[in-house]
Amino acid sequence: MFNLVELIQAVGYLGLFAIIFAETGLLIGFFLPGDSLLFTAGILAAEGYLNIWLLLLILYSAAIIGNQTGFRIGKKFGPRVFSKEESLLFSQKNIQRTEDFFAKHGSLTIILARFVPIMRTFVPVMAGVGNMSEKKFLVQNIAGATLWIFTVTLLGYFLGLKVENIEAYILPIAIVIIFISILPYLKQFISNPEMRRETWHYINRIWNRINPYK
């Protein structure tokens with residue numbers, strides 16, 4: 001079973017930087033466990049496995065640099081970034097959801113996207129493609145990183161200080177965090193028949209590509 005504690009202990013500070021950087025700056029990082037990773041790292045810091053101040057500095061830097069990298073990718077490569085063919089790691093549906101997210105939240109998109117899986121990966125690139133003001137993006141990037149990194153990581157840290165044997169509850173807590181993160185997608189999936197049809201069609205197409213018995 002996938003174990004976040006073992007992952008964090010194995011990769012250390014450099015690995016944590018790389019994971020957060022990839023999730024917030026590179027399109028291939030959309031599947032990485034950002035929220036639950038921050039929370040678990042905070043707990044491990046409370047237990048003495050990591051230094052909380054160094055941890056916060058590394059995660060904060062990774063989040064800001066990652067978003068700026070994604071923004072630059074979008075600005076430099078423009079529409080070519082999103083003209084890729086559908087694949088296991090790249091879905092045009094994610095692009096459409098990102099555009100809808102922009103349309104719904106307007107100027108707060110960069111900040112709010114930090115707390116939404118997939119969106120925090122694609123939004124910075126879309127901002128670059130759309131030629132968003134660099135100054136405006138940087139301000140929102142810093143604000144969003146501050147809220148995301150410090151809120152989620154310190155929540156794990158203070159719970160780790162207050163709750164005895166909290167490591168025994170890391171898995172169920174991580175599951176709850178993931179569930180809350182994907183709740184907007186679940187709500188849309190349940191209420192939108194077209195989205196359900198498209199999702200099953202996409203899953204079936206991916207399965208047909210990787211099915212070794214066909």
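Let's start with Arg120, which has its place in helix H6 (residues 119-129). Keep in mind that this is a predicted model.

**Arg120 and its surroundings**
- Arg120 has a relative accessible area of 3%, and it counts as buried because that value is under the 20% cut-off.
- The side chain of Arg120 makes a polar contact of 3.2 Å with the side chain of Asp35.
- A polar atom of the Arg120 side chain also lies 2.7 Å from the backbone oxygen of Arg114.
- If you leave aside neighbours within four places in sequence, the residues in contact with Arg120 include Glu23, Thr24, Gly34, Asn67, Phe115 and Trp148.

**Helix H2**
- Helix H2 covers residues 34-46, which makes 13 residues.
- From its first C-alpha to its last, H2 reaches 19 Å, close to the 18 Å expected at 1.5 Å a residue.
- H2 is mostly covered, with 13 of its 13 residues buried.
- Have a look just after H2 as well: Gly48 takes a positive phi of about 90° there.

**A nonpolar patch on the surface**
- Three residues, Leu155, Leu159 and Val163, form a nonpolar patch on the surface.
- Together, Leu155, Leu159 and Val163 have about 210 Å² of accessible area.
- Leu155 belongs to helix H7 (residues 134-162).

Note on methods: Residues numbered from 1 in each chain as written. Predicted model: local features only at pLDDT ≥ 70, side-chain atom pairs only at ≥ 80, totals over all residues. Heavy atoms only, no water. Patch = residues over 30% accessible without salt bridge, like charges linked within 9 Å, V, L, I, M, F, W, Y side chains within 5 Å. Areas by Shrake-Rupley, 256 points an atom, 1.4 Å probe, with all protein chains shown as cover. Salt bridge = Lys/Arg side-chain N within 4 Å of Asp/Glu carboxyl O. Helix = DSSP H or I, 4+ residues; strand = E, 2+ residues; numbered from the N terminus. Buried < 20%, exposed > 50% of the residue type's maximum accessible area, 1.4 Å probe, protein only. Polar contact = N/O pair within 3.5 Å; in protein donor to acceptor, adjacent residues only side chain to side chain. Contact = heavy atoms within 4.5 Å. Expected span 1.5 Å × (residues − 1).
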